[in-house]
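Please look over the model shown here, and then work through the questions and answers that follow it.

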Amino acid sequence: MSEQLLKSVCLVGDRFSSFATHDGVHTVSSFAAAVRSGEYDGLTGPLLLWEGQGVSAYDRDYVRAALEAAGLTRKILMQPNEPEVVPRAEAHKHREVNVLISGLQQQGPDTYRAALRLHSDNELLLDHQTGEHIQGMVVIETFRQMFMAFCDKFVAVQCPEYRHYYIWHSMDIGFDNFLFPLDADVVCTVESAETDDPSRLRFTVALEVHQAGNRAAHARISFTAYDADRLAPKEHRLAGAAVTAVLDGAAPEPAVAGTA
């Protein structure tokens, strides 16, 4: 199908070039190149440029400049996808490019929903991106950020005198369908909660990621949010014990007299 007959084109980050082999999908760089080459000069009606994953504000400015230079600003309508990512304190990530969830909201007494947001320079994509789908480690990290963010935003916020430290106890995960660099929703449902002691918030949650009407992955995770001031000394003692055990085990056997 000719791109000129399409009512919309999906734009994704350059990291997802394998996915952009489909009709109606372009990476940022390939779309800008097509605009510069005159491929869209013959448009007779407006074209919607809809954003999937991996398009940054910097990329968006690059595309806008190409459209303006070609005189196509009014013919190609950009549909920016600029989600408000959860803040650093809730995502527990230092760099914004590594935050995977946005628009976190409570949908019911025990249900929370967010949108997947994947930056092209996310740490999990820098050294491994095979094929057209998003790798499973991204899903696992998305689930991790989701359960911590919901707890920080909606539960731990009620006891601000504590700074919580998250410990996983178990995770069962299954992958149902490929996840592609398009819009996706993440849902977290609380199955059990122990919140009487604000210094020890324990949960079991069910998580799912959905895309295009299908479930891409699901997980069941048990975790506890501990008061960091109480947990840190214990962690420090355990770390010291581990170092001692390793160093003692690494010591060479005493030399036996008369042997070389």
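**Strand pairing, sheet order and a lysine**

Q: In S10, which residue is the bridge partner of His210?
A: Strand S9 (residues 200-211) and S10 run antiparallel and are joined by 12 bridges, where strands are DSSP E runs of at least two residues, numbered from the N terminus, and two strands pair if DSSP finds at least two bridges between them. This is a predicted model, in which local features need pLDDT of at least 70 and side-chain atom pairs count only at pLDDT 80 or more, whereas totals for chains, interfaces and linings use all residues. Residues are numbered from 1 along each chain as its sequence is written, and side-chain values use heavy atoms, with hydrogens and water left out. In S10, the partner of His210 is Arg215.

Q: Which strands stand at the edges of the open sheet?
A: The open sheet has 4 strands in the order S2-S1-S3-S4, with parallel pairing. Each edge strand has a single partner strand, so one side of each is left without a neighbour in the sheet; these are strand S2 (25-27) and strand S4 (76-79).

Q: Is Lys93 buried or exposed?
A: Lys93 lies in the loop between helix H3 (88-91) and strand S5 (101-108), helices being DSSP H or I runs of at least four residues. Buried means under 20% relative accessible area, exposed over 50% and partly exposed in between, with a 1.4 Å probe and protein chains only. Because its relative accessibility is 14%, Lys93 counts as buried.
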